[in-house]
Amino acid sequence: MPEREASVRIGILGAARIAPLALISPARESAEVVVSAIAARDVSRGQAFAAKHGIARVHASYEALVADPDLDAVYIPLPNGLHGKWTRAALVAGKHVLCEKPFTANAA
(Lines give C-alpha, C1' and ligand atoms only; values in the text may rest on other atoms or scores of the structure.)
Protein backbone atom coordinates (compact mmCIF):
# COMPACT_ATOMS: atom_id res chain seq x y z
CA MET A 1 0.00 0.00 0.00
CA PRO A 2 1.51 3.38 -0.95
CA GLU A 3 2.20 5.73 1.90
CA ARG A 4 0.49 9.12 1.92
CA GLU A 5 2.44 12.33 2.49
CA ALA A 6 2.46 13.55 6.07
CA SER A 7 4.26 15.99 8.35
CA VAL A 8 4.99 13.33 10.98
CA ARG A 9 5.95 9.78 10.07
CA ILE A 10 5.74 7.35 12.97
CA GLY A 11 7.10 3.83 13.44
CA ILE A 12 5.74 1.33 15.96
CA LEU A 13 7.97 -0.92 18.08
CA GLY A 14 5.98 -4.09 18.56
CA ALA A 15 2.67 -5.40 17.23
CA ALA A 16 0.79 -4.50 20.40
CA ARG A 17 -2.98 -4.83 20.63
CA ILE A 18 -3.24 -1.25 21.94
CA ALA A 19 -1.60 0.26 18.84
CA PRO A 20 -4.70 0.40 16.60
CA LEU A 21 -6.76 2.19 19.25
CA ALA A 22 -3.99 4.38 20.64
CA LEU A 23 -2.20 5.37 17.42
CA ILE A 24 -3.24 3.85 14.10
CA SER A 25 -6.91 4.90 14.09
CA PRO A 26 -6.24 8.42 15.42
CA ALA A 27 -3.43 8.87 12.86
CA ARG A 28 -5.89 8.11 10.06
CA GLU A 29 -7.99 11.05 11.28
CA SER A 30 -5.12 13.49 10.67
CA ALA A 31 -3.64 14.49 7.32
CA GLU A 32 -0.44 15.39 9.16
CA VAL A 33 0.36 11.96 10.63
CA VAL A 34 1.07 8.61 9.02
CA VAL A 35 2.10 5.33 10.61
CA SER A 36 4.90 4.40 8.23
CA ALA A 37 6.62 1.35 9.69
CA ILE A 38 6.51 -1.39 12.29
CA ALA A 39 9.00 -3.80 13.83
CA ALA A 40 8.02 -6.82 15.90
CA ARG A 41 10.03 -9.53 17.69
CA ASP A 42 8.73 -11.94 15.05
CA VAL A 43 8.95 -10.53 11.51
CA SER A 44 6.00 -12.60 10.32
CA ARG A 45 3.85 -11.13 13.10
CA GLY A 46 5.00 -7.66 12.04
CA GLN A 47 4.11 -8.44 8.42
CA ALA A 48 0.64 -9.66 9.36
CA PHE A 49 0.06 -6.60 11.56
CA ALA A 50 1.24 -4.27 8.79
CA ALA A 51 -1.03 -5.94 6.22
CA LYS A 52 -4.03 -5.75 8.54
CA HIS A 53 -3.49 -2.08 9.39
CA GLY A 54 -2.12 -0.70 6.10
CA ILE A 55 1.41 -0.01 7.32
CA ALA A 56 3.80 0.34 4.38
CA ARG A 57 7.06 -1.04 5.81
CA VAL A 58 8.12 -3.80 8.18
CA HIS A 59 11.57 -3.72 9.74
CA ALA A 60 13.35 -6.91 10.74
CA SER A 61 14.36 -5.53 14.16
CA TYR A 62 13.64 -2.79 16.64
CA GLU A 63 17.15 -1.43 15.98
CA ALA A 64 16.41 -1.09 12.26
CA LEU A 65 13.18 0.79 12.90
CA VAL A 66 14.82 3.20 15.36
CA ALA A 67 17.61 3.84 12.82
CA ASP A 68 15.18 4.46 9.92
CA PRO A 69 15.97 7.97 8.61
CA ASP A 70 12.48 8.26 7.11
CA LEU A 71 10.78 8.21 10.52
CA ASP A 72 10.25 11.28 12.68
CA ALA A 73 8.87 9.53 15.76
CA VAL A 74 8.60 6.14 17.42
CA TYR A 75 5.60 4.78 19.34
CA ILE A 76 6.63 2.34 22.08
CA PRO A 77 3.83 0.05 23.31
CA LEU A 78 6.27 -2.67 24.39
CA PRO A 79 6.20 -4.46 27.75
CA ASN A 80 7.06 -2.08 30.62
CA GLY A 81 10.55 -3.51 31.15
CA LEU A 82 11.55 -2.48 27.63
CA HIS A 83 10.30 1.12 27.73
CA GLY A 84 13.48 2.71 29.10
CA LYS A 85 15.88 0.95 26.74
CA TRP A 86 13.94 1.70 23.57
CA THR A 87 12.94 5.22 24.57
CA ARG A 88 16.61 6.07 25.11
CA ALA A 89 17.59 4.39 21.83
CA ALA A 90 14.96 6.36 19.90
CA LEU A 91 15.98 9.65 21.52
CA VAL A 92 19.66 9.01 20.76
CA ALA A 93 18.61 8.35 17.14
CA GLY A 94 16.98 11.79 17.07
CA LYS A 95 13.39 10.57 17.11
CA HIS A 96 10.43 11.99 18.99
CA VAL A 97 8.96 9.35 21.31
CA LEU A 98 5.44 8.33 22.30
CA CYS A 99 5.82 5.82 25.12
CA GLU A 100 3.12 3.85 26.93
CA LYS A 101 3.34 4.25 30.68
CA PRO A 102 5.43 3.73 32.70
CA PHE A 103 8.31 5.56 31.07
CA THR A 104 10.82 3.96 33.43
CA ALA A 105 10.93 1.67 36.45
CA ASN A 106 12.64 4.13 38.84
CA ALA A 107 14.08 7.65 39.03
CA ALA A 108 17.64 6.55 38.23
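How many salt bridges does the count come to? I looked this up at the outset, and the count comes to two salt bridges. I note that the model is predicted.

**Entry: the two salt bridges**

I examined the pair of Arg9 and Asp72, whose side chains meet in a salt bridge at 3.1 Å, N to O. This pair links distant parts of the chain, with Arg9 in strand β1 and Asp72 in the loop between α3 and β4, 63 residues apart. Arg9 has a relative accessibility of 25% and counts as partly exposed. Asp72 is partly exposed as well, at 22% relative accessible area.

I turned to Arg57 and Asp68, which form a salt bridge with their closest N and O atoms 2.3 Å apart. Arg57 belongs to strand β3, residues 57-59, and Asp68 to the loop between α3 and β4, so this pair ties together parts that are 11 residues apart in sequence. Is Asp68 buried or exposed? I found a relative accessible area of 4% for Asp68, which is therefore buried under the cut-off of 20%. Arg57, with 26%, is partly exposed.

**Entry: the chain as a whole**

I listed the secondary structure and found four helices and five strands in the chain. Read from the N terminus, the order of elements is β-α-β-α-β-α-β-α-β.

I checked the overall dimensions next. The C-alpha trace spans about 40 × 30 × 25 Å along its principal axes. The radius of gyration is 13 Å, which agrees with the value near 13 Å that a compact globule of 108 residues would have.

I also recorded burial and surface. Of the 108 residues in the chain, 40% are buried. The chain exposes about 6,200 Å², and carbon and sulfur atoms supply 56% of that area. Among contacts between residues at least 6 apart in sequence, 57% join residues at least 24 apart.

For the charges, I noted 12 positive and 10 negative side chains. The centres of the two sets lie 8 Å apart.

**Entry: strand β2**

Ser36 has 0% relative accessibility and counts as buried. I looked up its C-alpha separation from Gly11, which is 5.7 Å in space across 25 residues of sequence.

Ala37 is also found in strand β2. Its relative accessible area is 0%, and Ala37 is buried. Which residues does Ala37 touch, not counting those up to four places away in sequence? I found Ile10, Gly11, Ile12, Ile55, Arg57, His59, Leu65 and Leu71. The C-alpha atoms of Ala37 and Ile55 are 5.9 Å apart, and the two residues are 18 apart in sequence.

Ile38 lies in strand β2 too, and at 0% relative accessibility Ile38 counts as buried. Leaving aside neighbours within four places in sequence, I recorded contacts of Ile38 with residues including Ile12, Gly14, Ala15, Gly46, Phe49 and Ala50. The list of Ile38 contacts also includes Ile55, Arg57, Val58, His59 and Leu65. Ile38 and Ile55 are 17 residues apart along the chain, with a C-alpha separation of 7.3 Å.

**Entry: His53 in helix α2**

I located His53 in helix α2, residues 43-53. His53 is buried, with a relative accessible area of 13%. Where residues up to four places away in sequence are not counted, His53 touches Pro20, Ile24 and Arg28.

**Entry: helix α4**

I ended with helix α4, residues 80-92. Which residues of helix α4 are buried? I found His83, Gly84, Trp86, Thr87 and Ala90. The buried residues of α4 pack against strand β1 (8-13), helix α3 (62-67), strand β4 (73-76) and strand β5 (96-99). Strand β1 also holds Arg9, the partner of Asp72. After α4 comes Gly94, and I noted that its phi is positive, near 85°.

How values were computed
Residues numbered from 1 in each chain as written. Predicted model: local features only at pLDDT ≥ 70, side-chain atom pairs only at ≥ 80, totals over all residues. Heavy atoms only, no water. Helix = DSSP H or I, 4+ residues; strand = E, 2+ residues; numbered from the N terminus. Rg over C-alpha atoms; globule rule 2.2 N^0.38 Å. Buried < 20%, exposed > 50% of the residue type's maximum accessible area, 1.4 Å probe, protein only. Contact = heavy atoms within 4.5 Å. Areas by Shrake-Rupley, 256 points an atom, 1.4 Å probe, with all protein chains shown as cover. Lys, Arg positive; Asp, Glu negative; His and termini not counted. Charge placed at Lys NZ, Arg CZ, Asp CG, Glu CD. Salt bridge = Lys/Arg side-chain N within 4 Å of Asp/Glu carboxyl O.
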